[in-house]
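This report looks at charged pairs and at a stretch of nonpolar surface. Please keep the sequence and the structure in view while reading.

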Amino acid sequence: MRRIFIACIRFYQKFISPLFPPSCRYYPTCSAYAVTAIEKHGVIAGTIMGAARILRCNPFVKGGYDPVPDYFTLRRNREPEESR
């Protein structure tokens, strides 16, 4: 099941995404985030985390570096205080 979800995202990355201008405000991109989240947390939790990330990616947010956390959460992974 995990491979099917990841294959669908990879298909999107390779064939659909290049047809549109880059617009993701986060790094890694939302599709790469979803793949990593599915690999790290499984299909259900990873898909939920990926969907939450897509909903966060809008013109009203600053964006920036947002890696997949080691634990399940729907919030943005904040940078440590000393790196700010």
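The text below takes up the salt bridges, then the nonpolar patch, and then a loop residue.

The model is predicted, so local features need pLDDT of at least 70 and side-chain atom pairs count only at pLDDT 80 or more, while totals for chains, interfaces and linings use all residues. Residues are numbered from 1 along each chain as its sequence is written, and side-chain values use heavy atoms, with hydrogens and water left out.

## Salt bridges

Side chains of opposite charge can pair when their charged atoms come close. A salt bridge here is a side-chain nitrogen of Lys or Arg within 4 Å of a carboxyl oxygen of Asp or Glu, and the structure holds 3 salt bridges.

| Pair | N to O distance |
|---|---|
| D70 and K40 | 3.0 Å |
| D66 and R53 | 3.7 Å |
| R56 and D66 | 2.8 Å |

Helices (H or I, at least four residues) and strands (E, at least two) are DSSP runs numbered from the N terminus. D70 pairs with K40; because D70 lies in the segment after β2 and K40 in helix α2 (residues 30-41), this contact ties together parts that are 30 residues apart in sequence. For accessibility, buried means under 20% relative accessible area, exposed over 50%, and partly exposed in between (1.4 Å probe, protein chains only). By these limits D70 is exposed, at 66%, whereas K40 is partly exposed, at 41%.

R53, R56 and D66 are linked in a network of salt bridges. D66 pairs with R53, and since D66 lies in the segment after β2 and R53 in helix α3, the two tie together parts that are 13 residues apart in sequence. The side chain of D66 also meets that of R56, which lies in helix α3, so that this pair ties together parts 10 residues apart in sequence. Both R56 and D66 are buried, with D66 at 0% relative accessibility, and R53 is likewise buried, at 0%.

## Nonpolar patch and loop

Which residues make the nonpolar surface patch? F11, Y12, F15, I16, L19 and F20 make this patch of about 650 Å², where patch members have over 30% relative accessible area and no salt bridge, and nonpolar side chains (Val, Leu, Ile, Met, Phe, Trp, Tyr) are joined within 5 Å. Accessible areas come from the Shrake-Rupley method with a 1.4 Å probe. F11 is found in helix α1 (residues 2-16) and is partly exposed, at 47% relative accessibility.

K62 lies in the loop between α3 (43-56) and β2 (64-65) and is exposed, at 82% relative accessibility.

Note on methods. Patch = residues over 30% accessible without salt bridge, like charges linked within 9 Å, V, L, I, M, F, W, Y side chains within 5 Å.
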